[in-house]
Amino acid sequence: MTELSKIRNFSIVAHIDHGKSTLADRLIQETGTVQSRDMKEQLLDSMDIERERGITIKANTVRIDYKADDGETYVLNLIDTPGHVDFAYEVSRSMRAVEGSLLVVDSTQGVEAQTLANVYQAIEADHEIVPVLNKIDLPASDCDRVAEQIEDVIGIDASEAIQVSAKTGQGIHETLESIVKLLPAPEGTRDAPLKAMLVDSWYDAYLGVIVLVRIMDGVLKKGMRVKFMSNDTLHHVDRIGVFRPAMQVVDELGPGEIGFLTASIKQVRDTRVGDTITNDRNGCEVALPGFKPAQPVVFCGLFPVDSAEFEDLRDAIDKLALNDASFSFEMETSAALGFGFRCGFLGLLHLEVIRDRIEREYNIELITTAPSVIYHVYMKDGEQIDLHNPADMPDMSKVDHIEEPRIKATILVPDEYLGDVLKLCQDRRGIQEDLTYAGTRAMVVYDLPLNEVVFDFYDRLKSVTKGYASFDYHLTGYREDNLVKMSVLVNDEPVDALSMMVHRDRAEMRGRAMCEKLKDLIPRHMFKIPIQAAIGGKVIARETLSALRKDVTAKCYGGDATRKRKLLEKQKAGKKKMRQFGKVDIPQEAFISALKMDS
Amino acid sequence: MTDLLDDWRNGGFGLYVHWPFCQAKCPYCDFNSHVTANIDQKQWVKSYNQELARTPEALRGRVLNTIFFGGGTPSLMHPDTVAAVIEAAREIWPFANDIEISLEANPGSVEAGRFAGYRDAGVNRISMGIQALNDEDLRRLGRIHSVAEARAAFDIARSCFDRVSFDLIYARQGQTPQDWETELQTALSMAIDHLSLYQLTIEDGTAFGDRYARGKLRDLPSDDSAADMYQLTQDICAAHGMPAYEISNHARPGAESRHNQIYWRYGDYLGIGPGAHGRITMGGIRYATETYRTPGAWLEAVSKGTGESLRESLDHSEAAAELLMMGLRLVEGVDLDRYASVAQAPLEQEQLINLANLGMVTISDRRLCATDQGRPVLNAILRDLLVG
């Protein structure tokens, strides 16, 4: 229980690689929260994938005791928020849990699109924002230019920006002092009913679900019965504590404090980010504003490469879902791929993270089908269908019109690459909404169809700008367009997993590209194989894969019998990585590679 | 369980003797060959004979159909060495009246000087590694003989032996179907009754394999062009009365290599010498055997009792896979009833019908044969039949 005036809660807003995690490490180290010998790089990013990609997926928190220059000891609570656009809602909740932000900008690079998105979230949450210019030890550092850019682009005063090198430790003390002096203390009433925000939650094999909370009013104590207001569930609190960053049990958490509770909760699903936690009886009347259940926007099929692993995949998905309420799934059967799951994700990064975790942590090789969005299909009889999977597209003659989700995309790019970025956006059916300059960097805003972005837009953007562009988006709504389902036929058999929704004007181009790709990806067979793209019954592109003419071991003496047999046994394993469509074997990588558009 | 007690009789029984030395290693060759300055031929005779002496009792009563000296370069063996091994074999097995004793020879002048000695030792068939009839290509293949030397050696071989075969490699770097046709016509004008015509195959772990991996092996014919050359080979040889009887082997009827047919008909063969493989049936079980690969390791192992490094029993499906894999290389194909008895299950009818409809195989009188169209893609056929 800490006095409100001695608490400072803050988050760090930064672009990937601008040094957020390193700065957090230094703050923890400087205050002696963790002994030097226990320090490991990027203390807060705990998942392998987070460490490898240098991104944060779950909100992490650490409580730091800091003895300031004024002689008082303050409790600083840092919430490390997810930095990616896929997790915008989670970010917004984390922002509401703290009163201020450090805006960390790489002084050799400048402001990036993702920083913008998160800083606007911070501004929306009424944060006091302290600009921090990082990496000042590097020769390319240009603090004046970057400070000016912060003022121009974001519109906050950067004249007092702290100059820091998280690497050498320079400016760390000043940063801590600024947190104490510039950021406001939290407000709250101890004698009110409990009102706490559920900031994040995750599953722990020993403790069950761990719930990260920010106490707004009232007091949270061990042994209390609490109510989660969004679903009216009751829980008996069996443990409360704080992160330093290891878990440390405490007796109670009061207003302004950030910590965790456990209550023998078995599923993360039951704990929704943004929910309000209160007393079981005589609780608060009104929940905290802004709660939203998770809404997946990108869908794809996940199928085991080896169909015998379906049950293992089900297990893996069940377990991952325990820890990730935003990920939805239902069983799917594909004529081509057998049994699998149609899964919904918050965005592409979320999709990749889940896929990587299944492959890595559960050791199941996956076939991932083309990512799709939710189309609104309006039938002539007035019915409206939410289409998650192009394979389920109804007969076009019964369809009145189709709407697709649109996004507003903000891209920041050095002006020498602007032409390529504009071309990319135009090619993806974008409508330009804004184009402004900040120094030598352009900021473009485009209205784009989400389905043109879900697949490889970000990869293409990185490649045409040599990695210098930054990108952020949010959904804006649905709009009607001339959309059709393009199916792909291999040896005259439709391959459902390759069918996709495309804009009519782009169908021929996509169809041709797809057929050409497949021709390279499918190995030759003993017969020639036509590969076609079609809309309804009309073929719009066609390639022919010629028949295999030579595949024989020239010299095979007695001794070779073993080797040859082992080779066949190896091919038996290799064949598991193929899927059979009629008489044709299609390698698993074809399902994703065929969709990539090269230029 | 039906045992395989007598299944080997469908193929016969032979002895393979591996001589592991070469004067120089060829860049395309992945066989077990080593280059060394000093070879103690007496030591090798002793070791071969020790290996023969440990022949299991179960194999001793059989009639021996063939002996094959392979390598390496067996024409580096002293004729006395060859004679001693043949004599030791005769002590163990009664020889068939028409026993075939083959030896692989390099077509150089020094080797040719030993041909009469091999004949006197009992060898009655020579297989010469001529490989190309063009000096530039011989050099590129790393061969140490010239075309003129090869032709001279071939003439000497003909004067010593009734049965002389030679090998050529085609689909070489820069070779066109027209080039190959000309070369093949010359070869056929020289040939007596048997030719082995191999497509150049780039194997891992060879000098060519390394160069290929680094993108340095240029001008290899495309698969389509190589397939054209294969077809050309079939047509021209057949027109000259030497049709293919196996993927890469052509003979006048009756002049086929009987030793190799034991492999392809999946008979039994004992393999001795470094890196030799064997298939032997004992007590109704088929065993695969291997020996130590390097000459030093093999000699040492033999001195301690056995050169064998592996003897594993093959289960029904493994033995059946080998029977099919080897047998479909032959134009005569595989007896489906024999397959079913080895595999303890018939081949899947659906796959057979699919392949027959594609024109890849034929089935008549319970024999399954790969067609002229099917043999060049035999690996794909086997994948369909065995992998499913």
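When I say contact, I mean heavy atoms within 4.5 Å. And keep in mind that this is a predicted model.

Helix first. Look at α11 of chain B, residues 295–303. Which of its residues are buried? They are Pro295(B), Trp298(B), Leu299(B), Ala301(B) and Val302(B). Buried here means under 20% relative accessible area.

Now look down the axis of α11(B). The buried residues fall within an arc of 165°, so they line one face of the helix. An α-helix has 3.6 residues a turn, so residues three or four places apart point the same way.

What does that buried set pack against? Two elements of chain B: α1, residues 41–53, and β11, residues 285–291. Then the helix ends. Just after α11(B) comes Gly305(B), with a positive phi of about 135°.

On to the interface. Chain A puts 27 residues in contact with 48 residues of chain B. Together the two chains bury about 3500 Å². Of that area, 55% is on carbon and sulfur atoms.

How many salt bridges link chain A and chain B? The count is 7. Take one pair: Arg565(A) with Glu322(B). Their closest N and O atoms are 2.8 Å apart.

Polar contacts next. Across this interface there are 15 residue pairs in polar contact, both partners at pLDDT 80 or more. As for composition, the side of chain A that touches chain B has 13 charged, 9 nonpolar and 5 polar residues.

Notes. Residues are numbered from 1 along each chain as its sequence is written. Chains are lettered from A and ligands numbered from 1 in the order in which they are written. This is a predicted model: local features need pLDDT of at least 70, side-chain atom pairs count only at pLDDT 80 or more; totals for chains, interfaces and linings use all residues. Side-chain values use heavy atoms; hydrogens and water are left out. Buried means under 20% relative accessible area, exposed over 50%, partly exposed in between (1.4 Å probe, protein chains only). Helices (H or I, at least four residues) and strands (E, at least two) are DSSP runs, numbered from the N terminus. The arc is that of the directions from the helix axis to the C-beta atoms. Buried area is the accessible area (1.4 Å probe) that two parts lose on being put together, summed over both. A salt bridge is a side-chain nitrogen of Lys or Arg within 4 Å of a carboxyl oxygen of Asp or Glu. A polar contact is a pair of N or O atoms within 3.5 Å; within protein, one must be able to donate a hydrogen and the other to accept it, and residues adjacent in sequence count only if both atoms are side-chain atoms. Ala, Val, Leu, Ile, Met, Phe, Trp, Tyr, Cys and Pro count as nonpolar, Asp, Glu, Lys and Arg as charged, and the others, Gly among them, as polar.
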